[in-house]
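Have a look at the structure first.

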Amino acid sequence: MSQNLQLTDQGQLKHFLSIEGLPKPLLTNILDHAESFMSLDGKTIKTVPLLRGKTVMTLFFEPSTRTRTTFELAAKRLSANVMNININHSATTKGESLLDMLRNLEAMAVDMFIVRHPESGAPHFMAEQVCPGVSVVNAGDGQHAHPTQAMLDMYTIRAEKGDFSQLKVAIVGDILHSRVARSQIQALHTLGTPDIRVVGPKTLMPNDVSHMPVSVHYDLAQGIADVDVVILLRLQKERMQSALLPSSHEFYQRYGLTPETLKGAHPKAIVMHPGPINRGTEIASEVADGPQSVILKQVRYGLAVRMAVLSMTLSGQQTDKTRGE
Ligand code: CP
């Protein structure tokens, strides 16, 4: 993934497509910006005029509850005009290509597209095609990346644990199909996490896992031993081409996080999950709703992180030399 496509000549964001290639100061800047937006949470008036007059469109070619809603709310809190395109009722169903759709929506003077797509690379393709001054933000593409999810996860870890320099973090479950895991690993590594582990069955490990800055564990107890953070992932059955697992029940027996198995982590470990959770498959209800769970905090922080990404991306566009060419 090209770094230059995401950044202006001055190193500011103009698209947000992937964590890959983004420097540590920029990631830290996103977290700091998000922290400033968190102060709006307790206010009666939660809007700020940073994106007044801007038009933001969300294009979700896959289902979403958290990401689409928090992006929409984030854009509204920044005073942008927001349109959600219902893909199932759009001309896509009549055979219109992604590029033709993009050209037509661009003709309406849209400033930003927020896109989720089943094909890896679709947001990158759109970013290459849009006019100068228009931003594309990736809300999850295939098995490739989910960068704002990774950033809200980094925000949660920083809020709960301080800095990253001493942390042990385990990512457990379906690593193979998870765009979230890929983005989390890149973000954790860039922010200086020394001990990143991936835990799951061999059949759900990516082929290129040996090139990632992680240790690989096939045993849950070994993988989460003494960790500060346990991040669980759901089984992405919709992306499984063949029978990669005997059954959800067997997965739960071997990799499910229960009050018993969680005892192997550090006593103050936090439990995270990007959602949607599947209770009784990767996580027990007692853990999901228990005192170590920060799953709903992740959602709350996600709104502030998405406000940070939207405002930084559109202000990067305004200072970009290519604008208006
Ligand atoms: N974590 C996440 O992407 O959730 P949604 O699919 O609900 O957006």
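Strand β3 (residues 112-117) pairs with β4 in the parallel sense over five bridges, where pairing takes at least two DSSP bridges between two strands. Within that pairing, V115 sits opposite N138 in β4. Zoom out and you get an open sheet of four strands, ordered β2-β1-β3-β4, with parallel pairing. β2 (81-85) and β4 (135-141) are at the edges with a single partner strand each, so one side of each has no neighbour in the sheet.

A word on the ground rules: this is a predicted model, where local features need pLDDT of at least 70, side-chain atom pairs count only at pLDDT 80 or more, and totals for chains, interfaces and linings use all residues. Residues are numbered from 1 along each chain as its sequence is written, and side-chain values use heavy atoms, leaving out hydrogens and water.

Now for the rings. There are two aromatic pairs, counting Phe, Tyr and Trp (six-membered ring) with centres within 6.5 Å; planes under 30 degrees apart are stacked, over 60 edge-to-face and the rest tilted.

| Pair | Centre to centre | Between planes | Type |
|---|---|---|---|
| Y155 and Y301 | 4.9 Å | 50° | tilted |
| F251 and Y255 | 5.4 Å | 35° | tilted |

Y155 in helix α6 and Y301 in helix α12 (residues 295-319) are 146 residues apart, so this pair links distant parts of the chain. Y155 is buried at 6% relative accessible area (buried means under 20%, exposed over 50%, partly exposed in between, with a 1.4 Å probe and protein chains only). F251 and Y255 both lie in helix α9 (residues 248-255), four residues apart.

Technical notes. Helix = DSSP H or I, 4+ residues; strand = E, 2+ residues; numbered from the N terminus.
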